[in-house]
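Biologist: I would like to go through this model with you, one topic at a time. Shall we begin with the charged pairs?

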Amino acid sequence: MSESYVYYNGKVVKEDDVKISVRSKAFNYGLGVFEGIRAYWDDEKQQLYGFKLKEHYERLKQSAKTVNLDFDLTVDDLIQGTLDLLKANKCRTTTYVRPIVYNDAQDIGPTLDVKDVKVVIYTQPLNKYAGKPELSVGFSSWRRISNNQLPPRTKATAAYMNSALAALETKRAGFDEALFLTDGDHVCEGSGENIFMFKKGKLVTPPPADNILEGITRDLVMKLAKEDLGLEVEERSISRSELYAADEVFFSGTAMEVTPIVAVDHRVIGTGHQGKIFKDIKKLFFDLTVAKNPKYADSCTPVYETAKVGK
Ligand SMILES: Cc1ncc(COP(=O)(O)O)c(C=O)c1O
């Protein structure tokens, strides 16, 4: 097997050379923020495209700033580092890119003022994240963390205990994935994805005030629906029973991409199969991930030969 590399504090280095101590505050208290990014392989063009790199690294910088883990590397440094890393790892398949910014200070206590900020990025081949093409989901009894508990928009590593508990509970109950309600009983999101419903001719998704992560795929789906499909799109609170009665429901997210939900709490959604609006969005989405749609060409950064800093 060829050597695996990671990006570590500004340099591409051998993965085996990077160690994390059992004493690290990141390991002890989950003091970190992260991103999940995809690079899409296009077999036809024999090219790998970093997808929405600028948006992901801007969100990472903002997450780090919010939790007082700011670091000096710029968005352009991180983009260039990612392109170098994908090349060093000779990635020639669709790949997940995982950047993590963490507090590696090693004294006792969950502090964000006493800190030693490290930045690491690794890569992992990832084709489909969902185990199935159509999902049956259920609401968890765990509520989503709120903005004044652990800001969901920061993508904090510690927040994913909340996600993991919900996913564990609903998987044990036989569902494919979890849905969260907010403390105020509004539909929130999945354990690692945003949710959309199509109902009465409108595409509806919960607003940031309902404690969602402001997903980059969510933004894109809203834009595609408005500009390319001419749909009315609403960001507003959704109640659980309203979701049961939707014509279509689907997830959006970097790992989950766009994936249809065909049952919620055992209530069949629409026809029980992916609907027309979902199919239209899916076609637009997957074409643009490999630069087939000139309008969205700046979402894709080629990794090989012509790779350059920027979008
Ligand atoms: C909790 C949560 N919600 C939503 C999303 C989807 O966000 P994005 O489309 O930016 O990947 C993610 C994935 O990062 C997530 O972890």
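Biologist: Is Glu-234 buried, partly exposed or exposed?
Modeller: This is a predicted model, and in it Glu-234 counts as partly exposed, because its relative accessibility is 22% and the buried class ends under 20%.

Biologist: Which side chain does Glu-234 meet in a salt bridge?
Modeller: The side chain of Glu-234 meets that of Lys-202, at 3.1 Å from N to O. The pair links distant parts of the chain, with Glu-234 in strand S13 (residues 232-235) and Lys-202 in strand S12 (residues 202-205), 32 residues apart. Lys-202 is also partly exposed, at 26% relative accessibility.

Biologist: What about Asp-228, with which residue does it form a salt bridge?
Modeller: Asp-228 pairs with Lys-295, and the closest N and O atoms are 3.1 Å apart. Asp-228 lies in helix H5 and Lys-295 in the loop between helix H7 (276-289) and strand S17 (300-302), so the bridge ties together parts that are 67 residues apart in sequence. Asp-228 is partly exposed at 28% relative accessible area, and Lys-295 is partly exposed at 44%.

Biologist: Which residues do salt bridges with shared partners join into one network?
Modeller: That network consists of Lys-202, Glu-232, Glu-234, Arg-236 and Glu-242.

Biologist: And how many salt bridges does the structure hold?
Modeller: It holds 23 salt bridges. One of them joins the side chains of Lys-118 and Asp-104, at 2.6 Å from N to O. Here Lys-118 is in strand S7 and Asp-104 in the loop between S6 and S7, 14 residues apart.

Biologist: Are Lys-118 and Asp-104 buried or exposed?
Modeller: Both Lys-118 and Asp-104 are buried.

Biologist: Turning to H5, how far apart are its end C-alpha atoms?
Modeller: They are 17 Å apart, which agrees with the 18 Å that the 13 residues of helix H5 (residues 216-228) should span at 1.5 Å a residue. Buried residues in H5 are Ile-216, Thr-217, Arg-218, Leu-220, Val-221, Met-222, Leu-224 and Ala-225. Just after the helix, Gly-230 takes a positive phi of about 65°.

Biologist: Now Arg-59: where is it found, and is it buried or exposed?
Modeller: Arg-59 is found in helix H2, and it is buried, with a relative accessible area of 13%. Leaving aside neighbours within four places in sequence, Arg-59 is in contact with Glu-35, Lys-155, Leu-213, Glu-214, Gly-215 and Ile-216.

Biologist: Which residues touch the most other members of the largest nonpolar core?
Modeller: Of its 30 residues, those are Leu-48, Tyr-57, Phe-71, Leu-78 and Val-101. Two or more residues come from each of strand S4 (37-42), helix H2 (53-66), helix H3 (75-88), strand S6 (95-103) and strand S7 (117-125). H3 gives the most, with six residues.

Biologist: Why does this core lie between domain 1 and domain 2?
Modeller: Domain 1 (5-127 + 294-302) and domain 2 (135-274) both give residues to this core, so it lies between them.

Biologist: What does Leu-78 touch?
Modeller: Not counting residues up to four places away in sequence, Leu-78 touches Tyr-7, Tyr-57, Leu-60, Lys-61, Phe-71, Leu-73, Val-119 and Ile-121.

Methods:
Residues numbered from 1 in each chain as written. Predicted model: local features only at pLDDT ≥ 70, side-chain atom pairs only at ≥ 80, totals over all residues. Heavy atoms only, no water. Core = buried A, V, L, I, M, F, W, Y, C linked by side-chain atoms within 4.5 Å. Buried < 20%, exposed > 50% of the residue type's maximum accessible area, 1.4 Å probe, protein only. Helix = DSSP H or I, 4+ residues; strand = E, 2+ residues; numbered from the N terminus. Domains from an automatic or database assignment. Contact = heavy atoms within 4.5 Å. Expected span 1.5 Å × (residues − 1). Salt bridge = Lys/Arg side-chain N within 4 Å of Asp/Glu carboxyl O.
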